[in-house]
Structure formats: structure tokens, C-alpha cells
Amino acid sequence: MTKYSMGKKKTSAFRINVGTEDEMPLESFRWSIKRAIAGWVAVILCAGIPLFLYSWRRSILLRFTHAHCHPDVAHKVLLKDKYDREYVEEVHRGDRPLKDGTNYIYFCNKRTKYVWKTDLQRFVALDGLQVESSSDFHDMSMGLSCMDVDYQKELYGQNTLFIQMQPIYKLVLHEISHPFYIYQIFIVLVWLTELYYQFSVCILVLSIISVTVSVYQTRKQTRAIKETVHSESLVTVIRDGVESKLSSKELVPGDVIVVPEQEHIMECDAVLISGDCIANESMLTGESSPVSKVPVSCAENYVATVEKKNILFSGTVMLHSRSADNQKVKAVVYRTGFSTLKGELVRSILYPKPVNFKLYTDLLKSTVVFLFIGIPAMIYTGVVFYRLGAFTQDIVITVIDIATFVVPPLLPAVLTSINAAAQKRLKKEGVYCLNASCINLCGALDVVCFDKTGTLTDDSLDLSGVIPSENGVLQSPVPHPQDLPVCPMVVALATCHSLHLVNHRMVGYPLDVKAFESISWSLVEPKGKDIEGFERIPPRVVKPPNSGEGGVNIAILRQFPFESQMQRSSVVINAAGSKLFQVFVKGAPEVIRDMCHPETVPANFRETLDGYARKGLRILAVASNTLPEDTTWDKAQYMLTRVELEQDLKFEGFLVLQNKLKAGTTGTIAVLENAAIKTVMATGDNLLTAISVACDCGMIRESDAVIEVQAELLNYRDLKVNYCYTKLPGLSEKLVLGHGGAIEDVSIPLLSDYTYHLAMDGKTFALIREHDKDLLRRVLFKCPQVHLPQLT
């Protein structure tokens, strides 16, 4: 709780969503009969004007009728976000207490429920299932009891994304409460007084059409969203240790569901506790490649935002599920309704961040300017009519009539018709816009940011070859991996992936599929005694081409799919007939290098990496480790943590990949450049690879220079910034220019007439943003050249 001073009256102000982007101050109010009577009398005496003000500021009527109080006795709460938007929400009280014995007091805002916590003395967002460690999920494998289900239903409600259609009259009132429409109503009344029936009817008809079109579009969009997000199906739930089929609407956090083997849509966010799954998450992420989901391990703690590889997200398609030990695939319901990731996406659509359209701001400013310009004419007209002996009423009406010519009353209708015409033109080009007001914003764009892989380049990567490493020395590149004998690099290509079989078809990341196919091995998901030579039935087995002629099959016991935060993937494997377990890790070269024993890393590691990156090739590093001889199957498959498995790694070599530009990339970049719209590439790939792709697609011309910005933090507070030319005009040599200083200090007479671009990695950008705001502003906006710098 934080105390704030409001005028002379000191009031306690609480906050919700503390420390998040959606943090908001909260004021609590209780209905007061004295304030209510005084407030409604004021509304009547003011001819209802406060009601119009209430449509703009929700707090006005609330303060008229309610008095401040403590949140635990409040009837309503007032919230104000960082965009100065106000929300008035009603506080409810449940019939049954919470588990801690306190009263169940809550309110809902933006489809999120906030519950009053007496011990914390604040409202807390009701997110998902509260767990302290991952082992809690495994302890729930027998399901909830009937009593727990009733409690969870009362607390979380139904598992549905129900969107209520707003009544038409409310939408109409919301539209006509806009200042322009209020001005139009005023104009119509003035013109009717002067018997300008034709103009009045014209304005009235156009305004009605404009409001009707706007309300129709809003209803249409809301209905489309409602139909799109609605989903309901039968699920198998375990409660009190008994399986039963229920509607997905009945699911509550803590329920244990059985994930069917066949393809289906998830109806909630659930944490996988047994078996593994292949999910298509394109609906949420846009990523077309299937994603592997593995069971949650028994780690110390659990963070849902990090452990995404264990979560089956609502709205995603489960392509396949499987358990090697013939047990059912189970998952614990973690979040339901609008708390799910799909629910958050829907909430972001229903409650978008406000965009300050400069067009509307300029319109309001121009209206005020026109009004001031018309003041002399209104004064002159009033004086002339007064000298002519006109009645006061006629003088006032005539002066107001002059004002109507200064500020055009048809402005809202004109804007609506312009946007409608623009939508039709865009539709002919195959571009659909749900929010017509955004069309004006698009016309003012001056910077466009692109991802690299899948946006500028093709989704898939081609394997160009491998570079093995032996005894800390890189060997000659091998363009065709199938030519290699069975060695660590071949084993890595065969096992270090997250491939699965769905209907006898191999699915997974295209890179993993192509890498696996390049060595001509085969993937098997055994059942029963199909595979021999292993202590237990493994989830997956890979077979070499000569498996029937003495080749050794390899079992994949455990998979850690690729995660962008960790920048690597890893597997635990076991060769048939062997009691030793090995770990293979594949990922970003810099990350893998830091995890390996220094003596196993080649001396020309950086030189080789930069050389291939300058050619636009993407590089992955491979490392391995053999676990101690006393490691058991259970330890390798379930008990050892990822940190324990990925220790004492040995560097094994590089995978060289090629990523080709999409056919329309160069043309699109050229169109944007010709329109004076700057282009920026933001990618997680190697910096030199990104620069090479930027040169290929036309973001960086041959005559341009590229300056790399490197920042490091000294003594935890002093920022040191270095600048070096990564690309000279027509050259590619890396020339170090200087250390420290500002961007204006970097200059060479040879390059004075050339355009340059800036390149930096994410670490440098984060350090500059946090520790040197002035340098950040200069890097982004204030360059000596006329071109805006491009962050690659």
C-alpha cells in the first residue's frame, strides 16, 4: 500500500498489477445517500450536462454519488491506467470464504478477476493454479476431489471465452457522446431555430448514416471475434481417481485431463506431467513448424513464463500425443478462461492500447484555431446587428450561426466516408482492416521493422555442411554429412532434435527434418518389444542405414526442445547394448562455447564463425558429454536436472546452414526505401549474418558503411561504448576506429560522403537503453547523416 496526497484531503490509494505494464492506482468508494441525493439534484439543475461528462470521465458521477472508503468495504472501485483511461468496476462478495478463512471479495476488470487479500492488504489478479514447485503437479495426478472442484468453480468460474455483445443503444450513445457529434447536435438545433430545414435535415441524415455505419462495423467485428474464439468439446477428466467425460466449460485449475492420441484442440492451458506431445501453435505464435512438448520435471520451482516447453496452450492443435510406457498422457489444468494465453490474446483485441492519432489531434487544434479566427467576424456581426436594433435573441443566434461556418459541421461524416473509401481500395489489393481509424496511422509510418528468418528469408534452412572438431582442432568442412563415418557430429544430427512421427510422417522443425534426412537414418517410436538392446522401452529410437548389418541403434530418452531464452536444445541418449548415457547439445555458438571445457574449443573458433557469418550463413555449434557410469535409466530420463546434464561439455563442431531470401523481399524493401520509409532488421541471429542478409535484400547498399556499436558495463555502473566499422563501402574488412566517446566522435575523412548504418546486438541495446538514455536517443534519431540509422 502506498499513500498519496490528493489536494488537502489525505487519502489511501492502493494499486493493482504492481510492477507490470498494466499497473494501475485504485480508489475505493462506498455508496452514500447524502452524496447521491446532492449529485442527482446537481445533474437535474445542470440539464443533464454531467451525464455527458460522465461518458468522458467515469469518475465524475462516481464521486457525485459515492464516498471514499477502505477497499474491503467498498461497493465500487475506480481504476486509472497509464493512458489516463478510467474504469469503474463493481465490487462483489461471495457466499463462501476463501481457504484462508477471509471473506471472498472481488471485482473484474478487462475480463480479469481481482481478489482481495487481507494479509497483503490489496487486490491480487487471479491468474492460474498456485504452485510452489514442479513436483506439485505430479502430486495432483489423481485429480481433484468434488469439494475442491466446487471451490475452484466458485473462484475461477467457467472455462469459456464468452464475449457479450454490447447493446446497440449503448454503442449509439457512445458514438454521439463524441465532441464532434455533440457539436453537430448543437448546429442542427441552431439551424432549426433559423428555419434552415434543408441544411438541418442534410446534416442529420449524414450524421445518422455515419453513426449507423460505425455501430454496424463495431457489432460486426465483435460478433466475428465472438464466433472465432468460442470453442467447446468433451474432455476426459480425472476426479477422485475416476475418469469421466465432461464439457470443457467445466474444467477448473487443478483438474487432471487425459490428452488423447488423435488430433484435437486444447481448451485450456495445461502442464504436461506424463508422455509427450506435438503441438501446432501457429494460432498463437504464427510459427508454422510443430513444437514438441515434454513432461515437467521435478525442479525446485516453476515459472510458467519460462517453462513453455511443458505447457499445452489453449487454442493450439495437439497433433499427436504418446507415452512410451503404455500409460496415458496426462496434463494438469493450469489456467482457464481469459487467464489462458489465448484469453490474453483475446483481451488484447477487446482492450487495445490507445493510439494517439496525430490526425485527430490536429483536427481538434485546427478547430480551435478556426474558432479564434472567426471571433472577429462574430464580434463584428454582433455589433452591426446591435446597432441595427435587432433583438438580443436574434443577435445571439446570428453570431452562433457565423461560428457554424467557421467550424465545418460535416467533419465526422467526411472522415467516415474517407475511411470507408480507403477500406474499399485496400480490399481490392487483398488488405483487410478491422479498425478503419488505423488507416490514417499507416499513412504516417516512417520506420518498418522486420524479423529475418521466415520474414525476409525462407522459413526453412538448408544444411550446407558440417565442420567436425577433434582434439580442439577444426577439421575440413564436409558438405555431405552422409559421407562421414559414425562420429559425434553424425550422432548429433541423428539425435539432437525434437522430431516425432505423426501418422507415419516425420514432423518437427524444418531444419531438424533436413538435417536428419541428410544422413539417411530412420526414426522409430517403439511399442512393446519392437526394439531390443535397451533396459526399457525408450520413447524414440534412431537407426543407422546399416542397422541390420551391425549398425547400433540409439535411443532418445529425454528431449529439451529449443528455447529462445536459452538459445539451445539438448537430448539424453543411450546406444543399444551400452550402459553409458550421453548428452548432446546444439545451439548458438557463443552459448555452446561458454558451456564447453576451454581446451576443447578450437583457437580459430571466432575467426571461423565470423568468416561464415559474413557470407550470410547461419552457424550452430554442437557439444556432448558422457554421464558418469553409475547413472541409471531413471536418473537420466527423469531425475537429473538440465543444469546437471549439461555440465562438462566437449566441443564437437559446427553445423553450417543457408537461409535464402524470399522472392519478394528485395522488391518490398525497394518500395519502402523509395517511399522514404526506413527499414530495420531485428533478429536473434549472428550480427554478421544479419548484416550480410541486409546487404543482399537492399537494406544496406554496396556504397554504405556499417558501424557496430559494442557496450559493456564497468563497475556495475559505468558504461563503456566502443565503435568499429564492420563494413566499409565496397569492402568487408573489420576496422577498429576507437574506444569510448559519442557517436559524433567517430569519423574518417574517407567516409564523410557515405551513408552509414548502425548494428548492435541485444545485450548492447539493453545496456544503452538502461544506462545512457541520451546515447540511446542519439543512436536512434540523431545521426550526422541524413538517413535514420538502421539497427540490424
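Q: Which residue stands opposite Asn574 in S30?
A: Phe581 in strand S30 stands opposite Asn574. The model is predicted, with local features requiring pLDDT of at least 70, side-chain atom pairs pLDDT 80 or more, and totals for chains, interfaces and linings using all residues. Residues are numbered from 1 along each chain as its sequence is written, and side-chain values use heavy atoms, without hydrogens and water.

Q: What makes S29 and S30 a pair of strands?
A: Strands are DSSP runs of E with at least two residues, helices are runs of H or I with at least four, and both are numbered from the N terminus. Two strands pair if DSSP finds at least two bridges between them. S29 is joined to strand S30 (residues 581-587) by 7 bridges, and the two run antiparallel, so they count as a pair. Their hairpin has 5 residues between the strands, and Gly577 in this hairpin takes a positive phi near 80°.

Q: How many bridges pair S28 with S29?
A: Strand S28 (residues 554-563) and S29 pair over 7 bridges in the antiparallel sense. Ile554 is opposite Ala575 in S29. The hairpin of S28 and S29 has 4 residues between the strands, and Gln567 in the turn has a positive phi of about 60°.

Q: Why are Phe107 and Phe123 called an edge-to-face pair?
A: The whole structure holds 10 aromatic pairs. In the pair of Phe107 and Phe123, the centres are 4.9 Å apart and the planes make 75°. Rings of Phe, Tyr and Trp (its six-membered ring) pair if their centres lie within 6.5 Å, and planes under 30 degrees apart are stacked, over 60 edge-to-face and the rest tilted. The angle of 75° is over 60, so the pair is edge-to-face. Phe107 is in strand S8 (residues 105-109) and Phe123 in strand S10 (residues 122-125), so the pair ties together parts that are 16 residues apart in sequence.

Q: Are Phe107 and Phe123 buried or exposed, and what makes them so?
A: Phe107 has 0% relative accessibility and is buried. Phe123, at 3%, also counts as buried. Ring pairs link both into a cluster with Phe14, Tyr114 and Trp116.

Q: Why is the pair of Phe605 and Phe654 called tilted?
A: The centres of Phe605 and Phe654 are 5.2 Å apart, and their planes are at 45°. Phe605 belongs to helix H18 (residues 605-614) and Phe654 to strand S32 (residues 650-658), so the pair ties together parts that are 49 residues apart in sequence. Phe605 is buried at 3% relative accessible area, and Phe654 is buried at 1%.

Q: What puts the charged end of Lys615 over the ring of Tyr612?
A: A charge sits over a ring if NZ of Lys or CZ of Arg is within 6 Å of the ring centre and within 35 degrees of the ring normal. The charged end of Lys615 is 5.7 Å from the centre of the Tyr612 ring. Lys113 lies over the face of Tyr106, at 4.5 Å from the ring centre.

Q: Why is H7 called oblique to H12?
A: Helix H7 (residues 179-193) and helix H12 (residues 392-406) pack at about 135°, with their axes 10 Å apart. Axes are lines fitted to C-alpha atoms, for helices over the stretch in contact, and angles between N-to-C directions run from 0 to 180 degrees. Roughly parallel is under 35 degrees, roughly antiparallel over 145, roughly perpendicular 65 to 115, and oblique the rest. The angle therefore makes H7 oblique to H12.

Q: Why are strands S12 and S18 said to stand at the edges?
A: The open sheet has 6 strands in the order S12-S11-S13-S20-S15-S18, with antiparallel pairing. Strand S12 (242-247) and strand S18 (311-312) each have a single partner strand, so one side of each is left without a neighbour in the sheet. S18 is joined to strand S15 (residues 269-272) by 2 bridges, and Val271 is opposite Ile311 in S18.

Notes. Buried means under 20% relative accessible area, exposed over 50%, partly exposed in between (1.4 Å probe, protein chains only).
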